[in-house]
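Here are my notes on the model, in numbered points. Please read them with the structure open.

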Amino acid sequence: MRVLVAMSGGVDSSVAAALLRDAGHEVVGATLKLWGGASDAGCCSVADVEDARRVAQVLGVDHHVFAYTEEFAERVVEPYVRAHAQGLTPNPCIDCNRFIKFDLLVDRARRLGFDALATGHHARVVTRHDRPALARGRDAAKDQSYVLGYLTAPTLAYLQLPVGAFTKDEVRAHAARLGLRTWDKPDSQDVCFIGAAQGRRGFLAERIARTPAVVVDQDSGAPLGHLEAAELVTVGQRRQIPSPDDARRYVTSVDLVAGRVAVTTRERARQDRLDLDPASVTSSAGELRGGPVWVQTSAHGRPVTGQLRLADDWCVDLDAPVPPVAPGQSAVFFDRDDPDVVAGAAVVRRR
Amino acid sequence: MTRAYLDYAASAPRREDVLAAMAPWMRGVVGNPSGMHDASRRARQALEEARDEVAELVGAPPGGVIFTGGGTESCHLAVAGVTHAALRSDGSAHLVTSAIEHHAVLDAAAQLARDPRVRVGSLPVGTDGAVDPTALGGVLEPTTALVSVMTANNETGVIQPVEAIAARVRRDSRAAVHTDAVAAAPWLDLRRATAGADLVSLCAHKLGGPVNAGALVVRGTVAIDPVNPGGGQERGRRGGTVDVAAAVGLAAALRAHDREREELTARVGRLRDRLLAQVVDLPTCEVTAPRSPRLAGTAHVTFAGVAAEEVLFLLDRAGVCASAGASCSSGAAEASHVLSAMGLDPRRSRGAVRLTLGYATSEEEVDWAAGALRAAVATLHAR
């Protein structure tokens, strides 16, 4: 097969390219240049392009750089900023995977005559009910199935995720054996287009209006203090939130129109239901069925059980309450009987 | 495997005659030209012969030739050297660059403009890709220190009216005129094409010479502060031991092109037209600035709704080396500031493909590339 490997310059995609080459495929590496702005963090900086290129050279495969800077700004960064301006907390990695890597890049790979696209994500493509489905990677701590939760069957059928069968330690050891310079490169942590020095707040503060907000107790309405910018507050946040006593307060809602941030104690902040945006509901199996599911609401969050209701109310009734989930985050559903397999995904909306 | 090398404007194949001229200065004892012994004297003689030759071929006094480490350095020395001299004498500096200058000029000016005493104006171009000398009226000031307009554009190949611009600058201001002749040098007689300019930037590797070899040629008296003063070489305008082999290579490459220019331009121009004739009927294909005077080696075309990166990928697989016109240091295709200055629709500028021919280009290469381009565009339009 001719396989296009998306090489971020990290160790996982380096090893993905190596594994496919060693399996006898004709491999071409491509690094996406996504962000034109200044950033020292995350993937896809010039240094990362250089690492990917050098790994491709060592592996003896061709390497190309594809610029998607305009598309990335339009489909990932601008929606991220816009959502924050509406008091939501989006996950830009999900959008990047969904709209850049597994939409534009898949299209491009097909046009250029490739039989498959591969990435270094820790997840696996499996077959369930005669259809391709996404499953968790073998290394539970590094599993990335959450950020791929929206992939549909046609994309999964085109996708190769060779490192999903290995643990991160095995991946690093393999890279070291092959003499790849990325073998001990640290994992990327944060949002790639936001510099470590600047931080999320700094990045957003340059780009959105700031609404001063009064912090109130969720139940009594008693004012507890003020915040400079409600847009920079996330549901579930406890840092920098004023409290009338020794106990931490947790944000449970952000109302930009009223300039009001509601908070409460850890116990009372818990929620037993996730409301879903019906338009966002996606499933690799075509149609998502209601009923018992596992649900995960952050990249490395612990999955919990609940009942998915897709009729009128579009929600998940959780079997046990969880800390608050910020609107704009995604809920990824896993099969209740086959808990490694993704059943679908949806965006969490305001309660 | 390379079947057709059509990226001369990025770097031309090294010429054997140039390498032969350089060889004695690349092995064994090569004296430092500033030394006080026989080996130095011999190196110095080769250096000064190269200087005389470059001066003659550009049309400048030998004392005006400053050997540099390449075209980018030459442009930087012109822009920054004049700016620093102006700041020293006037306390401020106003620069004018055309909107289609190479990043060697634009980035040098942008860096200088971080200093609040430095202002940079931009000269627009028309849809024909050329600077209109009358546009100077809008940006030129009586005390402007430098006007920089390239001799021919590296992406589109459009030849700029340097002489008319220089005449107008001379009439309305005291500015020095710099012209980046890097792209033009293989094709145009620099004595004529850069006439009127006070400063001319050159490099050798677009001429089949070595990389990191260039010169800034100064005509008349222009105050230039050195960017790199250490050592005082090149009359105090560019410190550092001069690379004799590089200087000899630049002179030999310029000489070879000067000797062959007429024949080369006619032959390569025909090949270029042969190439364009085979692709111009492709869906959405347009030749860039077809009615403007252009360099004989440049075939610049755009396709609407097709990504240049994809065309180049398929060309590469077919063994055709071409470019999107501009590329950034990461290796990705970059949105072209030249095409956007010409007012080209972004949908079209994203599909820009530049094929540049040169002294060794064959008919077989051209036909192979045309076939590969036809196949690539058909593939991309089909899906």
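Across which strands does helix α9 of chain B lie?

1. Helix α9 (residues 244–279) of chain B lies across β9, β10 and β12 of chain B. Its direction is at about 15° to β10(B). Axes here are lines fitted to C-alpha atoms, for helices over the stretch in contact, and angles run from 0 to 180 degrees between N-to-C directions. Helices (H or I, at least four residues) and strands (E, at least two) are DSSP runs, numbered from the N terminus.

2. Ground rules. This is a predicted model: local features need pLDDT of at least 70, side-chain atom pairs count only at pLDDT 80 or more, and totals for chains, interfaces and linings use all residues. Residues are numbered from 1 along each chain as its sequence is written, and chains are lettered from A and ligands numbered from 1 in the order in which they are written.

3. The sheet under point 1 is open, with three strands in the order β9-β10-β12 (chain B) and antiparallel pairing. Strands pair if DSSP finds at least two bridges between them. β9 (286–287) and β12 (352–356) of chain B each have a single partner strand, so one side of each lacks a neighbour in the sheet. Two bridges link β9(B) to β10 (residues 298–302) of chain B. V287(B) has V301(B) as its bridge partner in β10(B).

4. Chain B also has an open sheet of seven strands, ordered β2-β8-β7-β6-β5-β3-β4, with mixed pairing. Its edge strands are β2 (65–68) and β4 (118–123) of chain B. The twist averages 20° from one strand to the next. β3 (residues 93–98) of chain B pairs with β4(B) in the parallel sense, over six bridges. Helix α4 (residues 103–112) of chain B lies across β3, β4, β5 and β6 of chain B, at about 155° to β3(B).

5. Now chain A. The axes of α3 (residues 69–85) and α4 (residues 92–111) of chain A come within 9 Å and cross at roughly 160°. That makes α3(A) roughly antiparallel to α4(A) (the term covers angles over 145 degrees). Contact means C-beta atoms, placed from the backbone, within 7 Å. Residues of α3(A) in this contact include F72(A) and V76(A); among those of α4(A) are F99(A) and L104(A).

6. P303(A) lies in the loop between β13 (291–296) and β14 (304–309) of chain A. How far is P303(A) from P339(A) in space, C-alpha to C-alpha? The distance is 9.2 Å, at 36 residues apart in sequence. Leaving aside neighbours within four places in sequence, P303(A) contacts W294(A), V295(A), Q296(A) and F334(A).

Notes
Angles under 35 degrees count as roughly parallel, over 145 as roughly antiparallel, 65 to 115 as roughly perpendicular and the rest as oblique. Two residues are in contact if their C-beta atoms, placed from the backbone, lie within 7 Å.
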